[in-house]
Amino acid sequence: MMKTTISALAVLLLAAVAFHQQPARAADIACPAVLQDMTPCLPFLQGGGGRPSGDCCAGVRSLYASADTAAERRATCECLKTAYRQVQAQLSAAQALPDCGLSLPYVITPDIDCNT
């Protein structure tokens, strides 16, 4: 019995060592996290007028900073496209989000190709 327990522990230890030696993978972006960052922007996006709130801008900047690989940016883009349609956001408001201190090399549109 003791020999079996020690063998099992040895296998687990080797597996843990092998796991930690794997190259780090980029964290996946999940739609709920994207939407959580953008929740403070909802009133503005639905026609609240004026400028995005400080909380909205903080969420936009957080989301922008967290999507640092092509795959994460693509996933974020797809989440935002879906959310845009669901919340019936106003295009002019969505296009004003870079006013939160971002410099984007593209125009925000509901038809944006998230693969480019």
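How many disulfides does a search of the whole structure find? The search finds four, where a disulfide is a pair of cysteine sulfur atoms within 2.5 Å. Before we go through them, a word on what you are looking at. This is a predicted model, so local features need pLDDT of at least 70 and side-chain atom pairs count only at pLDDT 80 or more, while totals for chains, interfaces and linings use all residues. Residues are numbered from 1 along each chain as its sequence is written, and side-chain values use heavy atoms, with hydrogens and water left out.

Let's start with the link between C31 and C79, whose sulfurs sit 1.9 Å apart. This pair connects distant parts of the chain: C31 is in helix α2 and C79 is in helix α5, 48 residues apart. Helices here are DSSP runs (H or I, at least four residues; strands are E, at least two), numbered from the N terminus. The torsion about the S-S bond is about -90°, so this disulfide is left-handed. What about its two ends? Buried means under 20% relative accessible area, exposed means over 50%, and partly exposed is in between (1.4 Å probe, protein chains only). C31 has 35% relative accessibility, so it counts as partly exposed, whereas C79, at 5%, counts as buried.

Next comes the disulfide of C41 and C56, with 2.0 Å between the sulfur atoms. C41 lies in the loop between α2 and α3 and C56 in helix α4, so the pair ties together parts that are 15 residues apart in sequence. Here the torsion about the S-S bond is about 100°, so the disulfide is right-handed. C41 is buried, at a relative accessible area of 0%, and C56 counts as buried at 0% relative accessibility.

Now find C77 and C114, another disulfide, with sulfur atoms 1.9 Å apart. Its S-S torsion is -70°, and the link is left-handed. C77 sits in helix α5 and C114 in the segment after α6, so parts that are 37 residues apart in sequence are tied together. C77 counts as buried at 15% relative accessibility, and C114 is buried too, with a relative accessible area of 7%. If you count the bonded cysteines along the chain, the disulfides follow the pattern 1-6, 2-3, 4-7, 5-8.

Time to look inside. A nonpolar core is a set of buried Ala, Val, Leu, Ile, Met, Phe, Trp, Tyr and Cys residues joined through side-chain atoms within 4.5 Å. The largest one here has 19 residues, and the members that touch the most others are M38, C41, F44, L45, V60 and L97. The largest share, four residues, comes from α4.

For the 13 residues of α4 that gives 18 Å, and its end C-alpha atoms are 18 Å apart, which agrees. Within α4, C56, C57, G59, V60 and L63 are buried. They cover an arc of only 160° around the axis, which puts them on the same side of α4; the arc is that of the directions from the helix axis to the C-beta atoms. The buried residues of α4 pack against α2 and α5. On the other side of α4, you'll find G54, D55 and A65 exposed.

Let's finish with two single residues. T76 is in helix α5 and counts as buried, at 7% relative accessibility. A polar atom of the T76 side chain lies 2.8 Å from the backbone oxygen of E72. Leaving aside neighbours within four places in sequence, T76 is in contact with I29, V34, L63 and A67.

And is D111 buried or exposed? At 67% relative accessibility, D111 counts as exposed. You'll find D111 in the segment after α6. D111 and K81 are 30 residues apart in sequence, with 8.0 Å between their C-alpha atoms. Setting aside neighbours within four places in sequence, D111 is in contact with K81 and R85.

Note on methods. Expected span 1.5 Å × (residues − 1). Contact = heavy atoms within 4.5 Å. Polar contact = N/O pair within 3.5 Å; in protein donor to acceptor, adjacent residues only side chain to side chain.
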